[in-house]
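Subject: Structure handover

Hi,

Here is the structure I promised to pass on. Please open it first, then read my notes below.

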Amino acid sequence: MKPTEVKQQHPSLFLEVCSHNDEPRLPLHTSIALFLLSYCECKSFKVSLVFTKHASSQSLGSHLPEGLEVSDIQLEDLPQLVRGCRLPAVLDDTGMLCRAGLAVVLRHIINKTLEADPSRNDVIALLGFKKTCLKACAEVSKWTRLCEIGIPSAVEEHLKNPTNQYQQLPLSIITLERRLAEPVKVHNDDKIRRQKLQEQRQNKKNESPEGKGNSDTESKPGQPPQVSDGLELRAALAKLSVDSVPTLTTRENSEIRKVKTTDLPPLEHVFAEGLYFTLTDVVLLPCIYHYLCSLQAHAASSLHQLPHLLRWYSRVQEVPGLLRAANDCGMALSIPQVLTSSLPGPSAEDIPTGLLEQEEGQDMTMQLPFVGGPRPTLTKLQEDGIEAVFTPHPCPAWTLPWDSLPGAINPTEGKMSNIRAVRKRQQLNNLVAMVTELARPGHTVVDFCSGTGHVGIVLAHTLPDCQVILIENKEESLVRAQSRSVELGLKNIGFIQANLDYFTGPFQIGVALHACGVATDMVMEHCIQAGAAFVISPCCYGFIQNAIKFTFPKSKRFQETLTHKEHMILCRFADQTAVQLPPERRLIGKTCMGLVDLDRSWEAETRGYSVQVMTMEPESCSPKNNMMVGRLLHKSGLDVDARQQEALVHN
């Protein structure tokens, strides 16, 4: 008798469909996901197209990969966990783990492809060196933000209103053009650069009188000699080989090996991240395809401002399987006519640097070396009547019944040391006590930056009448948290792997334990936008820097007293609270922590919140023992209902 076959359950992939002139249209994020599915030949998902208006996918047939089975679903019929996220999103077969956001979903498609066929070296290569391509979230990585948000958004805006945008290239496109003009560094690039030098010297020998004019060594007008990128392109394409062909087999001669590294020729960009074809190129191709099609149709002269982008566009078409995948998704790739033109394009140096700084540096603060200590800054604040204020802890002796809790909840059951586990339990006592005071039956509590779920799992067990959602960008941590919740049999818990901004659902309480640097401010901002209470323990004050949504100092009172640099001095010394430091140094660090959090509190109070900064009990539970508890007193112009309604339609 044959064993009963268990039908494999596939995760569900939800892709957005928008409308243009009452006709359904695929936004770029959806086109990118479909393109990757086709390139990987991935059949591991149940694909659903999400419509905001009653329509069907029949008119989108030419843009859907052949053989891909898709179903239609209306926005209001989405599973609850997915409805609280921006699309694209993947819901696993348990219905409890949702992956949301472009980069997270694309990386998951790659991983599922490799689960089905581990021999796909071309798919493995998409994840890049150390498998980190687009892994860093957009909030902290300019490159991820450019590829995941900047370029798709700029192209979408251009396609919606092209007539007003032909005079000036989008800043994100300019940034990419300059990036492609830079020499690249890759792992073990010394060997490749020596082989390039050897080829260049061999090429010079071939340019003897009898060999001069050989068509194989001449280049077209307006392009560098083919040998300059021939080696790079061969190395890149060899890496994509399914049969694992050795990238470079020719050993350089002894004369080449003696050349100093500083005298070797630089490697030129072949693909977006440098030498190799990665997920970044998959993201950019649909965007650049639609952008170039628009420019060719209406403003072909603008193409001359993008010589490196055009070269990249021609090179990606040499990647095995790419043209098939593009055609499968209705993208008829072609090399723009300007590539064969003799008109030279501008070099990277010709691009206005002011525009680049506006695009690349709008959220970055120059990290200049600090001179001196915090005392002048502290004195300046004291003279203006600003001092750190700590609210007495309302329940310093409150504790969870750790001895009677299931083992999977207790940090002592994990891999951490006993001393650290005891401190972790003390930290959890503080946060859970505050959340328990705020929570009511039916509330949704969100554990931001949840890690492996120490806070969220305790809350789900302690508050069975509340729904608890854990949000974390690191897949490994979230999968481990889900495994712990399954062991406990928790039903009131959900998991979202996403950058914080991709969560748009309504909630009543936000909590975060040791949210590093600006993550604290991001969580506070998300809670304020949702009109939710918050319980946050900040951490890593020294990593604080200006971000897209806020600058420091944040409150008007601090801005009138301190410069940005003086505030950064506070942040730097707020990190000096380690137990190994002298008591006087730790006291200064604690004071600086209180002042940084006071600035955060005052800014929140201008938006209708009451915020208390208190010290966790016992103080020894963590060198970063501040805890901020905020409650919304009045809306102060904040229309929470409108914000939640906007979240429902995602864009």
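What follows is a short tour, from the whole protein down to single residues.

Please keep in mind that this is a predicted model.

**Overall**

The protein has 22 helices and 13 strands. It is 651 residues long, and 53% of them count as buried.

**Two helix pairs**

Two packed helices are described by the angle between their axes and the distance between the axes. I use both values here.

Start with helix H6 (residues 171-181) and helix H11 (residues 307-316). Their axes come within 8 Å and cross at roughly 75°. Angles of 65 to 115 degrees count as roughly perpendicular, so H6 is roughly perpendicular to H11. H6 brings Ile173, Leu176, Glu177, Leu180 and Ala181 to the contact. H11 brings Pro307, His308, Leu309 and Trp312. By class, that gives 7 nonpolar, 1 polar and 1 charged residues.

Next come helix H15 (residues 418-438) and helix H16 (residues 454-462). They pack at an angle of about 45°, and their axes are 10 Å apart. H15 and H16 are therefore oblique to each other. Their crossing is right-handed. On the H15 side, look for Leu428, Leu431, Val432, Val435 and Thr436. They meet His454, Val455, Val458, Leu459 and Thr462 in H16. The residues of this contact divide into 7 nonpolar and 3 polar, with no charged ones.

**Two residues to look at**

Is threonine 280 buried or exposed? Its relative accessibility is 0%, so threonine 280 counts as buried; the cut-off is under 20%. Threonine 280 sits in helix H10 (residues 279-298). Leaving out residues up to four places away in sequence, threonine 280 touches Cys133, Leu134, Trp143, Cys147, Ala272 and Glu273.

Histidine 567 is in helix H20 (residues 564-574). Histidine 567 is buried, because its relative accessible area is 0%. Which residues does histidine 567 touch, not counting those up to four places away in sequence? They are Phe552, Pro553, Phe558, Leu562, Val596 and Asp599.

Best wishes

Methods
Residues are numbered from 1 along each chain as its sequence is written. This is a predicted model: local features need pLDDT of at least 70, side-chain atom pairs count only at pLDDT 80 or more; totals for chains, interfaces and linings use all residues. Side-chain values use heavy atoms; hydrogens and water are left out. Axes are lines fitted to C-alpha atoms, for helices over the stretch in contact, and angles run from 0 to 180 degrees between N-to-C directions. Helices (H or I, at least four residues) and strands (E, at least two) are DSSP runs, numbered from the N terminus. Angles under 35 degrees count as roughly parallel, over 145 as roughly antiparallel, 65 to 115 as roughly perpendicular and the rest as oblique. A crossing is left-handed if the near helix is turned anticlockwise from the far one by less than a right angle, and right-handed if clockwise. Contact means heavy atoms within 4.5 Å. Ala, Val, Leu, Ile, Met, Phe, Trp, Tyr, Cys and Pro count as nonpolar, Asp, Glu, Lys and Arg as charged, and the others, Gly among them, as polar. Buried means under 20% relative accessible area, exposed over 50%, partly exposed in between (1.4 Å probe, protein chains only).
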